[in-house]
Each structure stands twice: as C-alpha cells, then as structure tokens.
Amino acid sequence: VIMKKKYKYPLLILILVIIIIIGLIIFKMFFTKSEVKNNVKVIDSIVDFSYTLDERDTTLMKDTYKELKRVLKEKDINYEEYASILARLFVIDLFTMDNKINKYDVACLEYVYPDNVDNFKTNVEDTIYKTIEDNTYGKRTEKLSVVSSVNVTDVSTNTFKINEEEVPSYVVTLNWDYENDLGYDKNATITLVKKDKKLYVVEYEGVVNE
C-alpha cells in the first residue's frame with residue numbers, strides 16, 4: 001500500500017504533462033493555421049459591390065482592380081467593360097496559385113454567382129488546386145503558376161438560363177500568359193450575368209493546353 005501511494009502522484013503528473021503536450025500540438029496544428037490564414041490583409045474594397053483587394057495580390061491583379069474601381073464609380077456603368085474587367089480578374093485570381101496558402105484558398109469566389117459558389121469551390125479544390133502544397137508557415141518549395149498578362153478578344157451579349165429563366169448575359173472571350181507555364185488553361189470563354197447591379201461569373205469554358 002505504501003508503494004502505491006509513493007508512485008500515485010508522479011504518475012498523475014506524468015499523465016498531466018502528456019495531456020498538456022498533446023493539447024499544445026493540436027492547438028498548433030489547427031488554431032495557428034487558422035490564424036495565419038486569416039492574416040491575409042485586405043488593402044482596398046469596393047463596398048457597394050463587395051469586391052476586395054489583398055496585399056498579397058500581384059501587380060497585374062492590383063492594376064486590373066483599379067480599372068474595375070474606375071468603371072464602377074461611373075454614374076452610368078458600362079456593363080460590357082465591367083464584364084471584360086471582371087473576367088480578367090477572375091482568371092488572374094484563379095490561375096495565380098503562387099500566392100495561395102493551400103488548396104482550400106480559392107480566393108476568386110467573390111466573382112462567382114452565389115448559388116454556384118460551393119460547387120465551384122469544391123471543383124477547384126479537387127482539380128487544379130488539388131496538388132498545391134500547404135504554405136501556412138512559408139516553407140513551400142513547390143513551383144506554382146502566376147498569370148503575367150490577360151487579353152480580352154471579344155465581349156458579346158447573350159442570354160443564360162438560371163432556374164428555367166432566360167436572363168441577359170455577357171460572354172467574354174480571353175487568353176492569357178504565365179510567368180511559368182505549367183500546362184494550365186491559356187484561353188477561355190466566360191459567361192457573366194447581372195443580378196441587381198452586380199455581375200457574376202456563371203460559366204467558364206477553358207481549353208487545356210496540349
């Protein structure tokens with residue numbers, strides 16, 4: 001009985017230490033990552049349209065965003081120009097993967113039609129973002145794509161069916177280049193629709209390079 005009492009408290013202390021260590025490991029794995037993810041700094045926003053610009057965005061993204069901001073400040077918005085710029089922003093943000101933290105970091109969702117956001121995000125995570133290495137702690141060595149230029153070749157009007165209703169749409173044809181071509185799409189047709197005063201991407205048809 002005396003021997004059992006002698007080792008009772010050291011054993012409890014050891015168990016407590018183990019629990020604390022496991023707790024710290026779990027905290028570091030989950031909460032620290034969330035903190036880093038949330039540290040993406042927004043440096044500008046177009047409040048009435050809920051568009052934002054991040055500090056990590058490329059120079060091309062920032063310059064294109066300035067064009068969008070200029071167009072949306074006009075009393076009478078030129079929606080064909082708006083569609084052209086938004087399609088470019090969508091492509092730049094989607095295919096510039098170098099500044100993304102991990103495969104779940106699909107930043108271009110603010111351009112996507114609200115009803116399609118969840119499906120679109122899942123599709124991106126399971127396809128083009130699938131192999132992106134986690135960069136929560138800035139240790140990634142993987143080479144990832146960066147869009148270097150985008151060129152719009154055509155903007156036209158059409159209709160698009162949403163919930164059995166034909167709504168007016170803008171169809172933007174464009175092509176783009178990369179700083180490092182890793183075999184992703186380089187041209188596409190993007191369809192956008194207007195909901196209230198805001199445009200949204202509802203369809204993307206890309207061509208995979210051979």
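The model is predicted, so local features need pLDDT of at least 70 and side-chain atom pairs count only at pLDDT 80 or more, while totals for chains, interfaces and linings use all residues. Residues are numbered from 1 along each chain as its sequence is written, and side-chain values use heavy atoms, without hydrogens and water.

Select helix H1 (residues 2-37); helices here are DSSP runs of H or I with at least four residues, and strands are E runs of at least two, numbered from the N terminus. Leucine 11 is found in H1. With a relative accessible area of 49%, leucine 11 is partly exposed (buried is under 20%, exposed over 50%, partly exposed in between; 1.4 Å probe, protein chains only).

Next, select strands S1 (residues 42-46) and S2 (residues 51-54), which pair in the antiparallel sense over four bridges (pairing requires at least two DSSP bridges). Serine 45 has threonine 52 in S2 as its bridge partner. Four residues separate the strands of this hairpin, and serine 50 in the turn has a positive phi of about 60°.

Now display Tyr51, Tyr82 and Phe90, which touch the most other members of the largest nonpolar core, a set of 46 residues (buried Ala, Val, Leu, Ile, Met, Phe, Trp, Tyr and Cys joined through side-chain atoms within 4.5 Å). Elements giving two or more residues to this core include S2, helix H2 (59-73) and helix H3 (79-95). H3 gives the most, with twelve residues.

Finally, centre on phenylalanine 90: beyond its neighbours within four places in sequence, its contacts (heavy atoms within 4.5 Å) are Cys108, Tyr111, Val112, Phe120, Ile190, Val201 and Tyr204.
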